[in-house]
Amino acid sequence: MSLTTKEPWNARFKTGWIPSHDLNRSLELYDLRRPHRSRQVAPQPIGDSGSRLSYLRTLPLAVLVVLCSSFANTAFAATAQSGYPSLHAEAKRRTVSVSGEAERRVQPDMALLSVQVVVQSEQAAEARAEVDKVTTSALRLVRELGVADSDTDTTGLRVDPKYRWVERNREQELTGYEVSRSLELRILDLDVLGELITRLSELGVNRISPPVLGLQSRESIHQQVLAEAAANARKRAMVMAEALDAKVGEIIDLTASNAARTQAMNRQRERVSMAMESASADNAVFGASYSVGYLTLRSSVHATFALR
């Protein structure tokens, strides 16, 4: 058998690329022009991967590139026929993105109250004794008003020396000590909150922070508000889709955010703080007029739906 060609048999191999339709012809040229290599490679079983790799090492780089390209094209075609969506199809997918919101006003059913007893004296023992006296009376009052021992924390005790600068000696001089005891209270009966603040001030508790109002079942209520926000997002998507003669399909993406403390609550805390500043002038009026107000739970979600 003889071959006639107008160009050298290896011209296309030198270019580094061979068209896929010339693959069989190229392999035939290779086997005919280099019979000595063909004779050196004995037939091997199909399942022998090591023999196949040895045979592939004898092929030029261009032929290996063509083989890999043909395999990739075949695999891509098989994937497309198997029903998986292509990237082009995903890009053309119609979607709608919306935000949903929900809000609920609820009465708080608990409060966290932080108070301190602070006493200064030349002797640390004297200051400590006075602090212990006031603390004991405060704890007796807390139990009297129904606050459980498990909701009371009195572990915060500090003793700080106080100094003054003496210019003549160019050094600091000890002037006394400041002893403080902190109490953290969890109050579940808000009806006694106003009376508790008033009577603690009368006993000598001289630092009272504004109470932090909260909910015992906060997580449960938050989940309900979050579900309402998600439902609101779907309703908004349906309104937009119907206006364009489309229907809302499956959810593609969903994110959530929430804000539980509102401006209304902050204003309430400011009123409490101002009232406590004037409590020493008229404690009875403060205890009778104190109101816990309400809390507002807000949730918002951002959702993306498919359109069909």
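Which residues have the most contacts inside the largest nonpolar core? In this predicted model, they are Leu113, Ile187, Leu193, Leu196 and Leu200. The core has 46 residues. The largest share, seven residues, comes from H7. Nonpolar side chains tend to be buried together in soluble globular proteins.

Take Leu113 as a way in. Leaving aside residues up to four places away in sequence, Leu113 touches Leu183, Glu184, Leu185 and Ile187, among others. Its contacts also include Leu193, Leu196, Ile197 and Leu200. Ile208, Ser209 and Pro211 complete the list.

Now turn to helix H7. This helix covers residues 124-144, 21 residues in total. At 1.5 Å a residue, H7 should span 30 Å. After H7 comes Gly146, with a positive phi near 95 degrees.

Which residues of H7 are buried? They are Ala127, Val131, Val134, Thr135, Ala138, Leu139, Leu141 and Val142. Seen down the helix axis, these buried residues fall within an arc of 155 degrees, so they line one face of H7. An α-helix has 3.6 residues a turn, so residues three or four places apart point the same way. The buried residues of H7 pack against strands S2 (110-121), S3 (152-166) and S4 (171-187), and against helix H8 (193-203). The face turned away from that buried side carries exposed residues: Ala125, Glu126, Lys133, Arg140 and Glu144.

Charged pairs come next. Side chains of opposite charge can pair when their charged atoms come close. The structure holds 13 salt bridges. One of them joins Arg181 and Asp132, with the closest N and O atoms 3.8 Å apart. Arg181 lies in strand S4 and Asp132 in helix H7, so this pair ties together parts 49 residues apart in sequence. Arg181 counts as buried, because its relative accessibility is 15%. Asp132 is partly exposed, at 26%. A network of salt bridges links Arg128, Asp132 and Arg181.

Another pair is Lys162 and Glu178, whose closest N and O atoms are 3.9 Å apart. Lys162 sits in strand S3 and Glu178 in strand S4, 16 residues apart. Lys162 is partly exposed, with 31% relative accessible area. Glu178, at 12%, counts as buried. Asp160 and Arg158 also meet in a salt bridge, at 3.2 Å from N to O. Here Arg158 counts as exposed, at 52% relative accessibility.

Conventions: Residues numbered from 1 in each chain as written. Predicted model: local features only at pLDDT ≥ 70, side-chain atom pairs only at ≥ 80, totals over all residues. Heavy atoms only, no water. Helix = DSSP H or I, 4+ residues; strand = E, 2+ residues; numbered from the N terminus. Expected span 1.5 Å × (residues − 1). Buried < 20%, exposed > 50% of the residue type's maximum accessible area, 1.4 Å probe, protein only. Arc of directions from axis to C-beta. Contact = heavy atoms within 4.5 Å. Core = buried A, V, L, I, M, F, W, Y, C linked by side-chain atoms within 4.5 Å. Salt bridge = Lys/Arg side-chain N within 4 Å of Asp/Glu carboxyl O.
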